[in-house]
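Hi everyone, thanks for coming.

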There are 2 protein chains.
Amino acid sequence: MTDFNKAIVLLSGGLDSTTTLAIAKKLGFECYALSFDYGQRHITELLAANHIAKSYGTKEHKVIKIDLGQIGGSALTDDSIDIPKSPSQGIPITYVPARNTLFLSYALAWAEVLNANDIFIGVNAIDYSGYPDCRPKYISAYENLATLATKAGVEGAKFKIHAPLIDLSKADIIKKGIALNVDYAKTVSCYQADEECYACGVCDSCRFRNEGFKDANIKDPTLYKNQIK
Amino acid sequence: MTDFNKAIVLLSGGLDSTTTLAIAKKLGFECYALSFDYGQRHITELLAANHIAKSYGTKEHKVIKIDLGQIGGSALTDDSIDIPKSPSQGIPITYVPARNTLFLSYALAWAEVLNANDIFIGVNAIDYSGYPDCRPKYISAYENLATLATKAGVEGAKFKIHAPLIDLSKADIIKKGIALNVDYAKTVSCYQADEECYACGVCDSCRFRNEGFKDANIKDPTLYKNQIK
């Protein structure tokens, strides 16, 4: 017996995942928000995630601590690697090995317990220029795996990994969110935002975000410590 | 640049994973052992894993703490569910949601950091009668996912998930291990072994293990608290 209207939504507290939550909600799903404390350099985005999960009336919000620091290999979880201040080429050093695979796997575990077959993830076009685990064929491969990996799959259910932003530019995501009344001032995208939610204004994430607002002709409500160049 | 001779070996400290490590070693891989502290009811198997990793000269042994208790849904991680004392039908209550998917995902993350393309997992025929994530088609689906999920995959490498026990009975696994000089007295399979390594003698895992030794005509070196019926 499966409850078709339950969905797990991966929620980082950033612009993309918040828009994804707004979309899942609009589609009528009963949403369960899932965030990760994975050794990010700060907890500002988790505080944002908590606030957002509450404001969207999610049924439950879990924050799972995962130890990616022990694995290493990324500027986001390894203190010995600096976050770059200029645009990166190819796969960026902020790429966290197997991150989306791990996040989706925890979501899958929770989905099994909840009898849910739907998982939402806010990966998008800009990300997948650099991150292999943001491509549409990766998402399809995960759907196939999820269906084979689970009790529900053995019993004939099919898992759906919803990636509603996957083909959208940052500007299109913002326009979609604004149409759904997303309050972007409450979201945190910066890799090194401080506790007062001030974004650095120099990392890739700040740059993409700010360009997105410009391209969408919408005022960027983000507080930046440094003027974006 | 990939180092083709490095492999991650998932090592629980049990009979199957220890045999798998012996096979990986025999095949000439430089082995990196990966264990999980996932809220099992005891740590005896992790102590066994540590001992075994050392005795096989693995290059490194990581124990990653993962919080499956927060997800719930299994007798192995949820104190409110008892471990059954009689053989179970269908998918057993000791099934941990998405466990192998999570374990393989951590292995994949480490493999990316090490530039390894090979992961060994000791799933086998007896398990996959009940656990969906022990079937050959699940393993193939994970290989496909791993190749799409990673930098190495983008650059043309293919990940191999080795499941050398997948078609073997418990007796065949034991025979293979004995041929490779595995010391099974040092391995722990029981779901509730005590700190002196005494196995309960009543759970499914004890039963399968003991039957395996009987079928292989090899004396079972396990210390059981209760006589196996």
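Okay, let's start in chain B, where helix H7 passes helix H8 in a right-handed crossing. Right-handed here says that the near helix is turned clockwise from the far one by less than a right angle, and left-handed that it is turned anticlockwise. By helices I mean DSSP runs of H or I with at least four residues, by strands runs of E with at least two, and both are numbered from the N terminus. The axes of H7(B), residues 170-179, and H8(B), residues 204-215, come within 7 Å and cross at roughly 65°. That makes H7(B) roughly perpendicular to H8(B). For those words, under 35 degrees is roughly parallel, over 145 roughly antiparallel, 65 to 115 roughly perpendicular, and the rest oblique. The axes are lines fitted to C-alpha atoms, for helices over the stretch in contact, and the angles run from 0 to 180 degrees between N-to-C directions. Among the residues making this contact are Ile173(B) and Ile174(B) of H7(B), and Phe208(B) and Phe213(B) of H8(B). Two residues are in contact if their C-beta atoms, placed from the backbone, lie within 7 Å.

A quick word on ground rules. This is a predicted model, where local features need pLDDT of at least 70 and side-chain atom pairs count only at pLDDT 80 or more, while totals for chains, interfaces and linings use all residues. Residues are numbered from 1 along each chain as its sequence is written, and chains are lettered from A and ligands numbered from 1 in the order in which they are written.

Now over to chain A, which has eight helices and five strands. There, H1(A) and H7(A), residues 170-179, pack at about 45° with their axes 10 Å apart. H1(A) and H7(A) are therefore oblique to each other, and H1(A) passes H7(A) in a left-handed crossing. On the H1(A) side you'll find Leu15(A), Asp16(A), Thr19(A) and Ala22(A), which meet Ile173(A), Lys176(A) and Gly177(A) in H7(A).

Next, helix H2(A). Which of its residues are buried? They are Thr44(A), Glu45(A), Ala48(A), Ala49(A), Ile52(A) and Ala53(A). These six residues cover an arc of only 165° around the axis, which puts them on the same side of H2(A); the arc is that of the directions from the helix axis to the C-beta atoms. Buried needs 20 or more other C-beta atoms within 10 Å of a residue's own, exposed is 12 or fewer, and partly exposed is in between, with C-beta atoms placed from the backbone. And what covers those buried residues? The cover includes helix H1, strand S2 and strand S3 of chain A.

How about where the two chains touch? The contact takes 36 residues from chain A and 35 residues from chain B. H3(A) gives the most to the side of chain A that touches chain B, with nine residues.

Last, some backbone angles. Most residues other than glycine have a negative phi. Asn115(A), though, has a positive phi near 60°, and it sits in the loop between H3 and strand S4 of chain A. Asn115(A) is partly exposed, with 14 other C-beta atoms within 10 Å. Asn217(B) also has a positive phi, of about 60°, and lies in the segment after H8 of chain B. Asn217(B) counts as exposed, with 9 C-beta neighbours inside 10 Å.
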